[in-house]
Amino acid sequence: MTANDAIHVRGLRLWAHVGVLEQERRDGQWFSLDITLWTDLSSAAAADDLAGSLDYSLAIRSLQALAREIRCLTIEHFSDRVLDRLEQLYGAIPMRLTLSKCAAPVPGFDGVVAVERARHGAP
């Protein structure tokens, strides 16, 4: 694998029922997901063939489905389920994600809360 070969998906908006507060799990809220998948892209580049790459549309559709299904308390658990789903799709490749809660229910706070996670030696 070339160290610089990676596929990035940035700003995937997901509506999910995740949060410590009951109304977060009941009503749902927006999350933003960034993922990076490291893989050798030289074959796909040389042959102009998706078969030598990772089809990111599979990840997008699968993660949208996961967001519709999940009910949990923490973004940490949600991020773990995202990593599990990416592993199911692409195997044990280096991967990294940043999962952000777009509107944390903290009075007087209008910033972003996020977790960053990595697996399989992702830089």
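This note goes through a predicted model in numbered points, from the overall fold to single residues.

1. Overall make-up. The secondary structure of the protein consists of 4 helices and 5 strands. Read from the N terminus, the elements follow the order β-α-β-α-α-β-α-β-β. Along the principal axes, the C-alpha atoms fill a box of roughly 50 × 25 × 20 Å. The protein has 123 residues, and buried residues account for 41% of them.

2. The 5 strands form an open sheet with mixed pairing, in the order β3-β1-β2-β4-β5. Which strands stand at the edges? They are β3 (71-72) and β5 (113-119). Each has a single partner strand, so one side of each is left without a neighbour in the sheet.

3. Strand β1 and its partners. Strand β1 covers residues 6-18 and strand β2 covers residues 29-38. These two run antiparallel and are joined by 9 bridges. Within this pairing, Leu12 has Leu33 of β2 as its bridge partner, and Arg13 stands opposite Ser32 in β2. The pairing of β1 with β3 is parallel and comprises 2 bridges. Here Val18 has Cys72 of β3 as its bridge partner.

4. Two aromatic pairs. The structure holds 2 aromatic pairs. One is formed by Trp15 and Trp30, edge-to-face, with 5.2 Å from centre to centre and 75° between the planes. Trp15 belongs to strand β1 and Trp30 to strand β2, so this pair ties together parts that are 15 residues apart in sequence. Trp15 is partly exposed, at a relative accessible area of 39%. Trp30 also counts as partly exposed, with 38% relative accessibility. The other pair is Phe31 with Phe78, edge-to-face as well, with 5.4 Å between centres and 90° between the planes. Phe31 lies in strand β2 while Phe78 lies in helix α4 (residues 75-90), so this pair links parts that are 47 residues apart in sequence. Both of these Phe residues, Phe31 and Phe78, are buried.

5. A charge over a ring. Arg13 lies over the face of Trp30, at 4.7 Å from the ring centre.

6. Cysteines. How many disulfides does the model hold? The count comes to 0. A disulfide is a covalent bond between the sulfur atoms of two cysteines. For Cys72, the closest cysteine sulfur is that of Cys102 at 15 Å, which is too far for a bond, as a disulfide needs the sulfur atoms within 2.5 Å. Cys102 is likewise in no disulfide, and its nearest cysteine sulfur is that of Cys72. Cys72 is buried, with a relative accessible area of 9%, whereas Cys102 is partly exposed at 27%.

7. Surroundings of Cys72. Cys72 is placed in strand β3. Not counting residues up to four places away in sequence, Cys72 touches His17, Val18, Gly19, Arg25, His77 and Phe78. Of these, Val18 is also the bridge partner of Cys72, and Phe78 is a member of the aromatic pair with Phe31. Arg25 is 47 residues from Cys72 along the chain, yet their C-alpha atoms are separated by 7.0 Å.

8. Where does Thr36 sit? Thr36 is found in strand β2. Is Thr36 buried or exposed? With a relative accessible area of 6%, Thr36 is buried. The side chain of Thr36 makes a polar contact of 3.0 Å with the side chain of Arg10. Leaving aside neighbours within four places in sequence, the contacts of Thr36 are Ala6, Ile7, His8, Arg10, Pro94, Met95 and Arg96.

Notes
Residues are numbered from 1 along each chain as its sequence is written. This is a predicted model: local features need pLDDT of at least 70, side-chain atom pairs count only at pLDDT 80 or more; totals for chains, interfaces and linings use all residues. Side-chain values use heavy atoms; hydrogens and water are left out. Rings of Phe, Tyr and Trp (its six-membered ring) pair if their centres lie within 6.5 Å; planes under 30 degrees apart count as stacked, over 60 as edge-to-face and the rest as tilted. Buried means under 20% relative accessible area, exposed over 50%, partly exposed in between (1.4 Å probe, protein chains only). A charge sits over a ring if NZ of Lys or CZ of Arg is within 6 Å of the ring centre and within 35 degrees of the ring normal. A polar contact is a pair of N or O atoms within 3.5 Å; within protein, one must be able to donate a hydrogen and the other to accept it, and residues adjacent in sequence count only if both atoms are side-chain atoms. Contact means heavy atoms within 4.5 Å. Two strands pair if DSSP finds at least two bridges between them.
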